[in-house]
Amino acid sequence: MACAQTGSGKTAAFCFPIIANILRGGVDSVGRSRKAVPLALILSPTRELSSQIYEEARKFTFQTGIRPVVIYGGAPVQQQLRELERGCDMLVATPGRLSDLIERGRVSLGRVHYLALDEADRMLDMGFEPQIRRIVEGEGMPPTGQRQTLMFSATFPKEIQRLASDFLYDYIFLTVGRVGSSTDLIVQHVEMVEQADKRHVLLDLVKEVEGLTLVFVETKRGADALEDFLVRQGLHATSIHGDRSQMERERALATFRSGKTPVMVATDVAARGLDIPHVKHVINFDLPNDIDDYVHRIGRTGRAGKKGLATALYAPEKDGQIARGLVDLLSETNQEVPGWLAGCAAEAGYGGNKRRGGNRFGGRDFRKDSNYGGGGGRSWNDGYGGGGYGGGYGGRQQSYGNSCEFSALLHAVHCTLFQPSHHMQSCNRHQFMGCLSAWLCLVPSV
Ligand SMILES: Nc1ncnc2c1ncn2[C@@H]1O[C@H](COP(=O)(O)OP(=O)(O)OP(=O)(O)O)[C@@H](O)[C@H]1O
């Protein structure tokens, strides 16, 4: 179970060790076959994110002999079937299309040795849990203990950690920075705006900051309406949401990425995982109800060590429940907390949407609070950074204090997969980066 800030490189942190492990064992490809039998399965909640992970995996596996394939809904199945037939070692999938192709007998999970859940908390929340459970427990996948299971997200609410442990065996909880926090590379502003004034304020904000601007709204209809409004104001805007065809969604992303439509209005379908370079400004036109959703949304900017800007339009008549979470998040990321917002939070009290997880410095392993009996391993800390716990019970925990350390999570996952029992204490980050560079030299085109 691994938790690190948005834009900190989690994709590489699960892809490299999986690829390296497959290479270590020698690629035992089944080759062309009607039924795909992948060695690694990577599940993600949205089509666009699956597509992005696949593109990364394709780069990382170049000339290794490992063949990644992606399958997701909304796209013609025939082409995906043809790709599967050509051989598939690493399958990147959304749960719906995967279940469909398992039912049709075109994918078997019987050889899956590496299972990665990206955006794990989303994958295991109420919406996806039954599907994930069926895929992981009911379709012949090797059980925990015989496969490596990796779960990644920038947020990991306690109740989801508990659920996640069902799919894990003797697991390690790795954290970089604070669980569920955002990076302090993002400058965050919160403005109090009456609902009726939001459009005018938005126009000013869009004109003030040049560059790609991503505007989050609550509903699909709201996204359509706001896009229309912006276009009528003469701005080059597009929108993305779940009622759009896959082709429209992809076109919207492409024109946004290229800067042809530098403003994109989006629902939460674009909140997680998407890595679009040069997003300057994320505007929460409507605030989400959950602070973790806010963390993912603003995480579309300030990626890979770059700075970003996020502005939230806080409507006092409807956003009271996120006030406490916002105040906590702003404080812990060294942002200015407006006095009026602190007042709203105090009014809303702690009964509202209090940040889940309570004291999260350095990452928190919920088992320490709840006497939860899962895991049964050890707990240690290699002294890399601040935070984290020493000693303990019910599993192992590794915490890294430096939230901006790209290699930290990659190193940790690598060590966990290669030598789960002792390697962590003896392999330092420099040695690890040496291994990684050596490996990259073997695959010069990566
Ligand atoms: N070691 C590294 N050095 C420089 N750039 C990196 C490194 N690792 C990853 N990146 C880049 O950082 C960006 C963000 O990576 P990635 O999309 O994996 O983030 P993430 O942690 O999964 O974010 P999110 O929580 O939003 O899904 C990507 O453009 C990636 O290429």
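Buried means under 20% relative accessible area, exposed means over 50%, and partly exposed lies in between, using a 1.4 Å probe and protein chains only.

A word on the model. It is predicted, so local features need pLDDT of at least 70 and side-chain atom pairs count only at pLDDT 80 or more, while totals for chains, interfaces and linings use all residues. Residues are numbered from 1 along each chain as its sequence is written, and side-chain values use heavy atoms, with hydrogens and water left out.

**Whole chain.** Zoom out. The chain has 17 helices and 14 strands. These are DSSP runs numbered from the N terminus: helices are H or I with at least four residues, strands E with at least two. Of the 446 residues, 57% count as buried. Take contacts between residues at least 6 apart in sequence: 74% of them join residues at least 24 apart. Contact means heavy atoms within 4.5 Å.

**Helix pair.** Select α12 (residues 320–332) and α13 (residues 339–348). Their axes come within 8 Å and cross at roughly 125°. That angle makes α12 oblique to α13. Angles under 35 degrees count as roughly parallel, over 145 as roughly antiparallel, 65 to 115 as roughly perpendicular, and the rest as oblique. The axes are lines fitted to C-alpha atoms over the stretch in contact, with angles from 0 to 180 degrees between N-to-C directions.

Now show side chains. From α12, Gly320, Ala323, Arg324, Leu326, Val327 and Leu330 meet Leu341, Ala342, Cys344, Ala345 and Ala348 of α13.

**Strand β8.** Select Gln188, in strand β8 (residues 186–192). Gln188 is buried, at 3% relative accessibility. Beyond residues up to four places away in sequence, Gln188 touches Ser182, Tyr294, Ile298, Ala310, Leu329, Leu330, Thr333 and Gln335. Leu330 also belongs to the α12 side of the helix contact. Next, draw a C-alpha to C-alpha line from Gln188 to Asp293: 15 Å in space, 105 residues in sequence.

**Loop stop.** Go to Thr6, in the loop between β1 (2–3) and α1 (10–24). Thr6 is buried, with a relative accessible area of 5%. Leaving out residues up to four places away in sequence, its contacts are Ala154, Thr183, Val295, His296, Gly299, Arg300 and Arg303.

**Cysteines.** Last, look for disulfides, meaning pairs of cysteine sulfur atoms within 2.5 Å. The structure holds 0. Select Cys88: the nearest cysteine sulfur, that of Cys15, is 13 Å away. Cys88 is buried, at 6% relative accessible area.
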